[in-house]
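Hello,

I am handing over the structure you asked to see, with notes on what came out of it. The notes follow the structure itself.

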Amino acid sequence: MTTEALSPTRERSPLNNRLRAMLTQENIITLVVAIIVAGAVVVPLAVLFVSSFKVLDPLGWDTTWGFGNYVEMFTDRIIPKAFLNTLIISSGSTILATFLGVSLAWINARTNCPGRDYLEPYNLIPFFLSPFIGAIAWHNLGEPQTGLLNNWVRDIFGVDWALINIDNIYGVIWVTGIFFAPLVYLFVVGSLRRMDPSLEDSARTTGAGLIRTTMTITLPLVMPGILSGAIIVFVTSAGEFGVPFKLSAPYGWETLTTQIFSKAVGDDANHFLGAAMSMALGIITVLLIWIQQRYIAPRSFTTVTGKGFRPNVLDLGPWRWVAFGYNLMFIAVAVVLPIVCLIIVSLHPVWTGKIVWADITTINYVKTLFWWRPDAIAAATNGIVNSLILAFGGASIAMVMALVISYMIHRTKGFGVRMLDFLSVVPIGFPGIVLAMGVLVTYIQTPIYATLWILMLAYITRFFPYGQRNISSIMLAISEELDQSSRMAGASWFTTLWRITIPLLKPGLFAGWILLFIIFLRELSISIILFTTGTETLSVGVYYLTNFENEPLTAALSMAQTVLLLIAIYAFRRFAGREALTA
Amino acid sequence: MSMNADTMDPKVSINHLYKSYGEETAVKDFNLDIAPGEFVTLLGPSGCGKTTTLRCVAGLERPEAGEIRIGTETVVAPEKDIYLFPEHRNIGMVFQSYAVWPHMTVFDNVAYGLRVRRASGAEIKRRTMNALELVGLDQQADRFATKLSGGQRQRVALARAIVYEPEVILFDEPLSNLDAKLREQMRDEIVRLQKEVGITSIFVTHDQSEALVMSDRVVVMDKAVIQQIGDPQDIYANPVNSFVANFIGVTSLLEGKLLSRDGEVCDVEVPGANGHDGLRIQAIGGEGAQAGDKLFLSLRPEDITLHLDKPEGTGHGNVVQGNVIDTIYLGSFLEGRVRVGEHEIGIQIDHYENLTPGQPVYLSFQPEHGLCLTD
Amino acid sequence: MSNETTGAYLQVDNLVKYFGNDKAVDGISFGIPEGAFLTLLGPSGCGKTTTLMSIAGLHTIDGGRIKVGDTVFTSPKEGLFLPPEKRDIGMVFQSYAIWPHMTVAENVAYPLEIRKIEQPEIDDRVADVLKLVGLTAEADKLATNLSGGQQQRASLARAIVSKPRLLLFDEPLSNLDLKLREQMRVELKRIQNEVGITSIYVTHDQSEALVMSDEIIVMSKGKIEQRGGPVEIYSRPVNEYVSNFIGVANLLKGKVLEVNEPGQGLFELAQDGKQVQMPCQLSPGIAAGEDAVLSVRPENVHAVREKDGDTTLEGEVTFAIFLGSHVDCRVQWGDFEWKVIAHPRTRLKAGEKVYLKFDPEHTLAVQP
């Protein structure tokens, strides 16, 4: 080290020095980011709020200010019913997902169920797949006339009635329930596994039996995790668009999301009424997420003792085979059956509900994937390219943003930090479709509308918190002294960031990147509001095919998306862990 | 206060206990009778089998063979197909990690055992408050356990374990998560409480000073086997082998050979090497050793006197010359190491002495302060 | 309290640091000669770590001036603040702070790479310093595969490899278990001796401070209570606080009756209407007729069964705990319980009547 570097800047006046001290690399970068994030998150929501008070006159030419939209929501013929349906669907799927998630987590973490080390990855697969495609697959399995399951039952037992009818709100509950069960699973399995076994042992030595110990000690201890998972499932179900759009809306059960969609792009488009409905949905979900973050997550008990414990394992005796069967059954209905069904359907020119070996064809894949062919369907082939661009680009930009934000929150001080911390929770509270409505009304008159940029902006704004949480959890775990010792070794702030902080965060960066890649690849509820011809995404392509083409073509593109997702899931398993998800 | 097991029925009786994990034997042929009201400590390094033994008594582990009786009841005997679940053994247990239930108040934690036993509401209230008073937490009854400090949590755990007056209370290294000052405080507290309540106790620890301070009797274990059972002073003064001598307190062990024996006193030769002269030392112990047998000479630092000049008229021949290796000033005393030939001998001086490394000094000790061990 | 400032290598003047409205460091000053090993000792919250962090530059200060050699590190009045990376300091942290994504050798080489030193020289110096701390065999291991003690050695190697002008230790041993801690403190001291870098060591563990330091500064509530060598601090504490914090002491309120020679006097204790006088050493600034506190270490109180001319007090043993090398006793005298350390072979038992003897040389009157 040269002596020159050691001498402080004596010649400048003290005030000048103080100003210079404030304008460090660190402060400039963090300030810029705070402004960008505030703009991305707050502006659309503010515009959405303001727009919800603009009332379109009956001719659709002019607007006036007022509460008309909110009045209409209660007097409309359909919207109040859609509200009720949303409530029923969310409650139902929350109950189903919680039951499945808790029971599977308990079997995997606390019993000697055979093969439990191998089952877990498969239990988590539905978390990554698209529930919209799950709905399409289950439609083909459980439609009364053409459903594969119904036809199998008719063939085998010679009956003439349908075993199930999936096309109603119970079908929606079924599909969202099984697809969101892994969310609850993830919230519960960690605390079940990491729980200090002496918490239960001490109840046993105090005189409580196994069942009493489970009811008074084990369950209450994981209750915050269960409640957190349940709230997240409720909110996610309320914001889910694809499943009700496929399974219930066409049969007379509208939901809030399908109604917002029809106000955004349908024939009777009314952005301002859509904005009001989005506000209503958003306020409910934000409230629930706020309760979860504020009152439930901090009560999580096991993080207090969170050391690596070997948990107590219960010997189920012969019942372990029942548990094993139950778990296999879940994987069958959530993963195997839907995928098998999609493959079968996609190989037929038309789908009549029965396998016709003579007709097997690959024409559906040709039409949806081979973009250079004249008979290719543009909406589908565009989708693959656009989604890959959005997933690669969006995940990369979002992770850079997430990195800087995490760094600011955990390693710097100042009033901007608290605002950032808050801003990076807000998007989680708003369903994609609500945020998309905000982005739509904000940017519809700007040049970025009708480009991929508007989609990317909305994707990143809605989902960067997931990446940010992945990084933050690692940043909290690594001591600040690791950074400080680099400064002490003579490295500047930027060198330290580049050579110490980022390499340490690499696992989190990577896990976050793949997670966002997966989310962006299957994204529907934002895309469906913001796409235009030419900017269709994969899920929009599937929507187009199921709406305007036939089931086999839909199944083919669905399979293409599913294969891409499965590859990404494999990469996620390889490079990240379960921990990355619960962050 | 070690009571004689012959005159009184033991409260806990462990006979021929065996337990292994796969290939590894955790406890081998463990036998111990514990008198009512006695405080027994299982002491040893980690992996010696002390915790496994305790968990077998609790019912949290199932032994492969042997028999454990608590009071008059056999709680486990694999050969007779007897195994009682922990909740049927009427025991109290205090864990290293406190295991205080975070979703309950202090009162609810302590009352749990009484509620399980279906005590009446009034009795639950009375006995819980009594127990809390005993550990000095009656003011904290309504607080949540998560709001307590480590020491307070361990008091809750203690109150929870004694409130229903179990036959025996089991301690699984309860002090090792506390910091040094608090540990000493809690240590004295547990002893006081145990004497007050008079409850039979089994205490597991790897900390020899805890064992010496707290116990009526100490069971020293190593490699799954009991090495020695005795009261603290006895174990410290008369260790049966070099493991016990080394594990309890500090000692310097010199390997030597028995030359001859004159009544109590052994004449020992500690051979020199690398051109150093051997040492001739008089010491006691060494029962059963024949002339020419290998021996370990155990010397406690506090029994050694340091001289700057060659001492005269000590009345015995145990004077050796050496050079200071280093010293550590600890305030109340000075700890040092002295090289004697190829051996290193630890010393402890109760005043400050300015010793420089390499400085020649003389060490002496009474023959009855040197102990010969055959193993 | 000597705050000798002339000729000091590191000079801290009137250091003030607030956290919010709390004054963490309240205008302390001290200097250290080059090559010395100074320990800042005190309970948590006494300001010792804040002082260290101020020297390191890991936070700014609110007042005062820190200077090493001719370089001013920080001086808010003059608007000077040298960022930490330009201070040329080596630092060892409590959490070791070994970078887990690098090998041991890469960790140690880092400060040299930052200083743009040629690769062959880096290799030589890393090898030398790893040898010094005894980690040559572990050079290519990932830092995460090391034990706690080894990580701390690696951390020390990284701190000294660039031959910094100052070495700072922030409670480096408190994450290690007792046995390892005792080993490492001797080892740390040996290495510091060998490299001869001026060192400041922060700890709350008084035995660590006694063992390792050339000099100790005892702090409380952001201020310096006493500064001196280990023997001086232990055997001549200036006040009740230091006496209580370093080691164990019997502390009784009383009065200094007279001063005979400089530094020596007669102390009067009063208990239950009984008055006892004993000769004592006086700490600086205590005059005849003043209230003071008597401070006697347990090992300097001798309990005997027979009364003789030297015994001063009579009491009853309330308990005697056998601790192997010694017996920890309590002797009740009126309301006061004397802590006494006895040799195990005295076999004192609870309930016995004993007489206490005091050595005037080790009986101190200190300021309350």
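Across the interface of domain 1 of chain C and domain 2 of chain C there are 11 residue pairs in polar contact, both residues of each pair being at pLDDT 80 or more. The pLDDT cut-off is there because this is a predicted model. On the side of domain 1 of chain C that touches domain 2 of chain C, two or more residues come from each of helix H6 (206–212), strand E10 (215–220), strand E11 (223–228) and helix H7 (230–235) of chain C. By class, that side of domain 1 of chain C divides into nine nonpolar, seven polar and three charged residues.

The domain assignment behind this puts domain 1 of chain C at 10–240 and domain 2 of chain C at 241–366. Taken over C-alpha atoms, the centres of these two domains of chain C are separated by 38 Å. In the contact, 19 residues of domain 1 of chain C meet 18 residues of domain 2 of chain C. About 1,600 Å² is buried between the two domains of chain C, and carbon and sulfur atoms account for 62% of it. Of the area that domain 1 of chain C buries against domain 2 of chain C, 43% is supplied by C:Tyr234, C:Arg236 and C:Glu240, more than by any other three residues.

The rule finds one salt bridge across this interface of domain 1 of chain C and domain 2 of chain C. There is a salt bridge between the side chains of C:Arg236 and C:Glu361, at 3.7 Å from N to O. Both C:Arg236 and C:Glu361 also turn up among the contacts of C:Gln281. C:Gln281 sits in strand E14 (residues 274–282) of chain C. Is C:Gln281 buried or exposed? C:Gln281 has a relative accessible area of 11%, so C:Gln281 counts as buried, the limit for buried being under 20%.

Between domain 1 of chain B and domain 2 of chain B the salt bridge count is zero, while three residue pairs are in polar contact, with both residues at pLDDT 80 or more.

For chain B as a whole, the secondary structure comes to eight helices and 21 strands. The C-alpha trace of chain B spans about 80 × 50 × 40 Å along its principal axes. Of the 375 residues of chain B, 55% count as buried.

Next, the interface of chain A and chain C. The contact takes 28 residues from chain A and 37 residues from chain C. Chain A and chain C bury about 2,700 Å² between them, with 61% on carbon and sulfur atoms. Two salt bridges are counted between chain A and chain C. In a salt bridge between A:Arg499 and C:Glu113, the closest N and O atoms are 2.8 Å apart. Nine residue pairs are in polar contact between chain A and chain C, both residues at pLDDT 80 or more.

Last, within chain A, nine of the 10 residues of helix H13 (residues 256–265) are buried. Among them are A:Leu256, A:Phe261 and A:Lys263.

Regards

Methods
Residues numbered from 1 in each chain as written. Chains lettered and ligands numbered in written order. Predicted model: local features only at pLDDT ≥ 70, side-chain atom pairs only at ≥ 80, totals over all residues. Heavy atoms only, no water. Salt bridge = Lys/Arg side-chain N within 4 Å of Asp/Glu carboxyl O. Polar contact = N/O pair within 3.5 Å; in protein donor to acceptor, adjacent residues only side chain to side chain. Domains from an automatic or database assignment. Contact = heavy atoms within 4.5 Å. Buried area = accessible area lost by both parts, 1.4 Å probe. Helix = DSSP H or I, 4+ residues; strand = E, 2+ residues; numbered from the N terminus. Nonpolar A, V, L, I, M, F, W, Y, C, P; charged D, E, K, R; others polar. Buried < 20%, exposed > 50% of the residue type's maximum accessible area, 1.4 Å probe, protein only. Lists of a residue's contacts leave out its neighbours within four places in sequence.
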